[in-house]
Amino acid sequence: MLRLPVLLTAVLSAILSYAAEILTQQAFSTKPFYTDGRWILNDDQVNLTYAGVNWPAHGETMVPEGLQNASVAEMVHKVKSLGMNAIRLTFAVQMVDDILDKKSNGQLNTSFISALGKKNGTKVLNDVLVANPSFKSETTRLEVLVPGS
């Protein structure tokens, strides 16, 4: 008898393979998509199927997870290589409250040290900065989520 995690992994793998196959057959148009009832269509009136992943950014640091291991560009490339065409980037409501209440957006150095302590926060922040050279310790959390903000 297969154990549940092994079975779930096999099923998930099959679903992702199928989704990747379908998505590679759908070329994205440069024209805007439109809706017809419940369907999202491209300019050739072909149904667009969204297939995506969640990228959590609502944790203690309020920065997308995994940036200490890879750059934003590498993470997006990995998602795209799986045939995915959408990313649901979560965020912490507390971050919005901080901006509205304190008129502060929280710099990365402050966020990591507050969330992880001085020793761990400094180490993880340094890893994030190495993996993402466009970020600085003064980069704000919102600038990470919405470049150019």
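Reader: What does the accessible surface of the protein come to, and what share of that belongs to carbon and sulfur atoms?

Author: Quick background: this is a predicted model, where local features need pLDDT of at least 70, side-chain atom pairs count only at pLDDT 80 or more, and totals for chains, interfaces and linings use all residues. Residues are numbered from 1 along each chain as its sequence is written, and side-chain values use heavy atoms, with hydrogens and water left out. Accessible areas come from the Shrake-Rupley method with a 1.4 Å probe, and for residues only the protein chains shown count as cover. The surface comes to about 10300 Å², and the carbon and sulfur share is 60%.

Reader: In what order do the elements run from the N terminus on?

Author: Helices (H or I, at least four residues) and strands (E, at least two) are DSSP runs, numbered from the N terminus. The protein has six helices and four strands. Their order is α-β-β-β-α-β-α-α-α-α.

Reader: Gln-45 has a positive phi although it is not a glycine; is Gln-45 buried or exposed?

Author: Gln-45, with its phi of about 60°, is in the loop between strand 2 (39-41) and strand 3 (52-55). Buried means under 20% relative accessible area, exposed over 50%, and partly exposed in between (1.4 Å probe, protein chains only). Gln-45 has 61% relative accessibility, so it counts as exposed.

Reader: And Met-62, is that one buried or exposed?

Author: Met-62 also isn't a glycine and has a positive phi of about 60°. Its place is in the loop between strand 3 and helix 2 (72-81). Its relative accessible area is 5%, so Met-62 is buried.

Reader: Which residues form a nonpolar patch on the surface?

Author: Patch residues have over 30% relative accessible area and no salt bridge; like charges are joined within 9 Å, and nonpolar side chains (Val, Leu, Ile, Met, Phe, Trp, Tyr) within 5 Å. A salt bridge is a side-chain nitrogen of Lys or Arg within 4 Å of a carboxyl oxygen of Asp or Glu. Leu-89, in strand 4 (residues 86-89), counts as partly exposed because its relative accessibility is 32%. With about 190 Å² of accessible area together, the patch residues are Val-76, Ile-87 and Leu-89.
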